[in-house]
Amino acid sequence: MGYKPIKPWVLWLIAGITFLAGIGIIVWNIYAQNRTAATVVLMIDLIIMTFSLQAAIARSVKFKPKKRKYKTNVYKKDINEIENSLIENNYSKRDTNFGYVYMKVVGKTAYKVTFINQLDVYLKPVEEDKKDDKKQESFPGLNKCSKFVGFEIFLEVNDVVLERLPDYSFQGKNIFYEGFYFDKEANELKEVNVLDPTEEFVSPVSNLKKDLKLEELVKES
C-alpha cells in the first residue's frame, strides 16, 4: 500500500489539540512535584505541535503566482513579405543550425533578424548549437558598432517557447532585443512583449520595423 499524505484538516486538529494540551501541561508543571517529567512531556508536545502546524500551513496555503500581462502587437504580415523586404533593404542572409539570420550594419548600428524553424535544435542546451553567434564577429563593420538591434522570430512554437518568449524582449545600454512568433493559422506576426525603447533606441527600432514593413498593426493589447 502506498503512503497517503495526512489531510490538512487532520494536521490542524493535531496542532489545536497539542496547543491546548501544552497549556494544560504548563499548568501541571506549576503545581507538579516532579517538574522534570512535566517539562519532558511539554517539550514533546511542543515539537509535535510545531511540526503539525508547519505541515498544516504548507498543505493549506498554496502560492499561486499572478500571471503577468504583457503589451502585445499583432501584424497581418506574411513571412515571405518580411524576407523580401529584408532583401530589398540590403540585408545579408546566413543559415544557422536552427534557422537563418538576416543582418546589416548601418553606421554604428547593427540590425539582425533571426528566424527559428528548428526548435529541437534551438532548445538544446548545447554550446555547439550556439556557436553560430560567434561568426557574427566576421560580419563587415560589426566590430565598430555601438548599438545592436535584434528581433527573434519563431516560425514554429510549442508550450515551452510561448512561456519563455516574453523574456526574449529586453534592452540595455547598447542592445535592444524583442521576441516574435508567427501564427500560421491566422497568418499573423505577434510581438509578445512590446518594449518602449529608450531615447537612443527609438530611431534604430523604428528603422528595423520599417525594414520589416511592420506598419499594418492589426491589434494592440
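Student: Which helix holds Tyr31?
Tutor: Tyr31 lies in helix H1, residues 8–31. Helices here are DSSP runs of H or I with at least four residues, strands are runs of E with at least two, and both are numbered from the N terminus. Do keep in mind that this is a predicted model, where local features need pLDDT of at least 70, side-chain atom pairs count only at pLDDT 80 or more, and totals for chains, interfaces and linings use all residues. Residues are numbered from 1 along each chain as its sequence is written, and side-chain values use heavy atoms, leaving out hydrogens and water.

Student: Why does Tyr31 count as exposed?
Tutor: Exposed means over 50% relative accessible area, buried means under 20%, and partly exposed is in between (1.4 Å probe, protein chains only). Tyr31 has 68% relative accessibility, so it counts as exposed.

Student: And what makes Lys77 buried?
Tutor: Its relative accessible area is 8%, therefore Lys77 falls on the buried side of the cut-off. Lys77 sits in the loop between E1 and helix H3 (79–88).

Student: What does the side chain of Lys77 reach?
Tutor: The backbone oxygen of Lys213, at 2.8 Å. A polar contact is a pair of N or O atoms within 3.5 Å; within protein, one must be able to donate a hydrogen and the other to accept it, and residues adjacent in sequence count only if both atoms are side-chain atoms.

Student: Which residues does Lys77 touch?
Tutor: Leaving aside residues up to four places away in sequence, its contacts include Phe182, Asn187 and Leu189. Contact means heavy atoms within 4.5 Å.

Student: How do you know that E1 and E8 are paired?
Tutor: Two strands pair if DSSP finds at least two bridges between them. Strand E1 (residues 73–75) and E8 have 3 bridges, in the antiparallel sense, with Val74 opposite Lys190. E7 (residues 175–183) is joined to E8 by 4 bridges, also antiparallel, and there Asp183 faces Glu188.

Student: What lies between E7 and E8?
Tutor: 4 residues, and the two strands form a hairpin; Asn187 in the turn has a positive phi of about 55°.

Student: Which way do the residues of E8 point?
Tutor: Glu188 and Lys190 point one way, Leu189 and Glu191 the other, and all are buried. In a regular strand the side chains alternate between the two faces of the sheet.
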